[in-house]
Amino acid sequence: MRWIDTPTTRAALPFDRLVAALRERFALGCEVPARQVLEIDAPETGTALTSLVMPAWVPGECYGVKVVNVAPGNAALGLPGLHASYLLHDAVTGVPLALMDGDEITARRTAAASALAASYLARADGAHLLVVGAGRVAALLPAAYRAVRPIERVTVWARDAAKADRLAAQWRGEGLDARAVTSLEQAAAQADIVSCATLSTEALVQGTWLRPGSHLDLIGSFTPAMREADDACFAGARVFIDTDEALRKSGDLLGPIAAGIFGPADVQGTLDNLCRGTAEGRRTRDERTVFKSVGTALEDLAAAMLVWQSLKA
């Protein structure tokens with residue numbers, strides 16, 4: 001069994017290849033059982049360790065399991081609160097093939113899934129990207145989107161203005177036309193694509209700010225208590241989701257559904273529908289589109305298989 005470290009994992013997942021791998025895997029499908037959630041007592045910190053076990057496999061090829069450990073007590077120890085690992089196996093013999101950096105896989109496949117959706121839903125000439133948030137996934141979004149759209153300008157807003165400034169400076173160092181902004185309303189009104197990657201529990205983006213023809217990408221809100229967008233963001237928009245699980249887990253969807261803004265039957269399609277051509281993406285220049293994701297083990301498996309294939313090449 002090989003140990004694949006962070007730099008090697010990252011180098012094997014350039015966004016052009018990763019988006020293509022996700023597109024292929026969503027089109028072909030794989031087996032994705034429900035994730036298992038384990039609560040493990042951690043008396044030393046006074047809080048429980050939550051462990052998510054996320055399996056997926058392609059029969060006859062690869063079987064992978066991601067383990068995500070969330071430890072709120074780590075902050076007091078000066079450690080990150082989340083750690084993930086990915087173990088890839090041969091799906092026929094069960095032989096372990098490789099242990100990979102699960103954090104790197106998670107962050108990159110999350111950004112790539114948003115870019116994949118945008119390849120169907122954002123206007124082909126979309127050049128101005130607004131990133132809401134300044135964390136690990138947010139930092140990857142411009143590179144991911146540039147794999148599918150001609151992004152020329154990037155703005156970033158975050159509650160912590162200093163973090164937004166640092167992220168904009170980082171992007172400028174990478175050759176991007178990037179700047180931090182203090183008015184989310186003004187930035188949203190100008191952007192072609194608005195991509196939110198936060199842990200917010202209250203709506204940040206308001207639908208009245210969004211311009212005709214814009215695309216709204218919502219990455220956070222993976223629990224019913226979380227929100228990144230208000231109900232008006234969904235009114236009059238064509239709504240897409242990564243998987244049906246989003247309708248059960250995301251506060252961004254549960255809120256407007258409860259308010260009668262739209263119903264589950266109004267969702268226009270999932271990523272597998274888009275990738276298989278059974279759902280229609282953007283139809284006009286001026287329609288607004290919304291994509292809500294909560295993540296799926298299919299994406300982790302596609303990324304891990306790409307890493308393994310890159311090492312064998």
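Contact, in these exercises, means heavy atoms within 4.5 Å. The structure is a predicted model.

**Exercise 1. Describe the surroundings of S114: where does it lie, is it buried or exposed, and which residues does it touch?**

Solution. Begin with the place of the residue in the chain, which for S114 is helix α3. Next, compare its accessibility with the cut-off, since buried means under 20% relative accessible area; S114 has a relative accessible area of 0%, and therefore counts as buried. Finally, look for its partners, leaving aside residues up to four places away in sequence: S114 then touches Y145, D217, I219 and F291.

**Exercise 2. Work out how α3 and α4 are arranged, and state which residues make their contact.**

Solution. First take the geometry: α3 and helix α4, which covers residues 136-146, pack with their axes 9 Å apart and at an angle of about 45 degrees. That angle makes α3 oblique to α4, because only angles under 35 degrees count as roughly parallel, while roughly perpendicular requires 65 to 115. The crossing of these two helices is right-handed. Then list the residues: α3 contributes D103, E104, A107, R108, T110, A111, A112, S114, A115 and A118, and α4 contributes R136, V137, L140, L141, A144 and Y145. Sorted by class, the residues of this contact are 10 nonpolar, 2 polar and 4 charged.

**Exercise 3. Determine how α2 is oriented towards α3 and towards α10.**

Solution. Start with α3, residues 102-121, whose axis comes within 9 Å of the axis of α2 and crosses it at roughly 70 degrees. The two helices are therefore roughly perpendicular to each other, because the range for that description is 65 to 115 degrees. On the α2 side the residues that meet α3 are F15, L18, V19, L22, R23 and F26, and on the α3 side they are R108, R109, A111, A112, A113, A115, L116, S119 and Y120. This contact has 11 nonpolar, 1 polar and 3 charged residues.

Continue with α10: the axes of α2 (residues 15-28) and α10 (residues 297-312) also come within 9 Å, and they cross at roughly 125 degrees. The helices α2 and α10 are therefore oblique to each other, and their crossing is right-handed. Here α2 uses R17, L18, A21, L22, R25 and F26, which meet L298, E299, A302, A303, M305, L306 and S310 of α10. The classes in this contact are 9 nonpolar, 1 polar and 3 charged.

**Exercise 4. Check the length of α10 against what its residues should span, and find how many of them are buried.**

Solution. The 16 residues of α10, at 1.5 Å a residue, should span 22 Å, and the C-alpha atoms at its ends are 23 Å apart, which agrees. As for burial, 12 of the 16 residues are buried, and α10 is thus mostly covered. Among the buried residues are L298, A302, M305, L306 and W308.

Note on methods:
Residues are numbered from 1 along each chain as its sequence is written. This is a predicted model: local features need pLDDT of at least 70, side-chain atom pairs count only at pLDDT 80 or more; totals for chains, interfaces and linings use all residues. Side-chain values use heavy atoms; hydrogens and water are left out. Axes are lines fitted to C-alpha atoms, for helices over the stretch in contact, and angles run from 0 to 180 degrees between N-to-C directions. Helices (H or I, at least four residues) and strands (E, at least two) are DSSP runs, numbered from the N terminus. Angles under 35 degrees count as roughly parallel, over 145 as roughly antiparallel, 65 to 115 as roughly perpendicular and the rest as oblique. A crossing is left-handed if the near helix is turned anticlockwise from the far one by less than a right angle, and right-handed if clockwise. Ala, Val, Leu, Ile, Met, Phe, Trp, Tyr, Cys and Pro count as nonpolar, Asp, Glu, Lys and Arg as charged, and the others, Gly among them, as polar. The expected span of a helix is 1.5 Å times one less than its number of residues. Buried means under 20% relative accessible area, exposed over 50%, partly exposed in between (1.4 Å probe, protein chains only).
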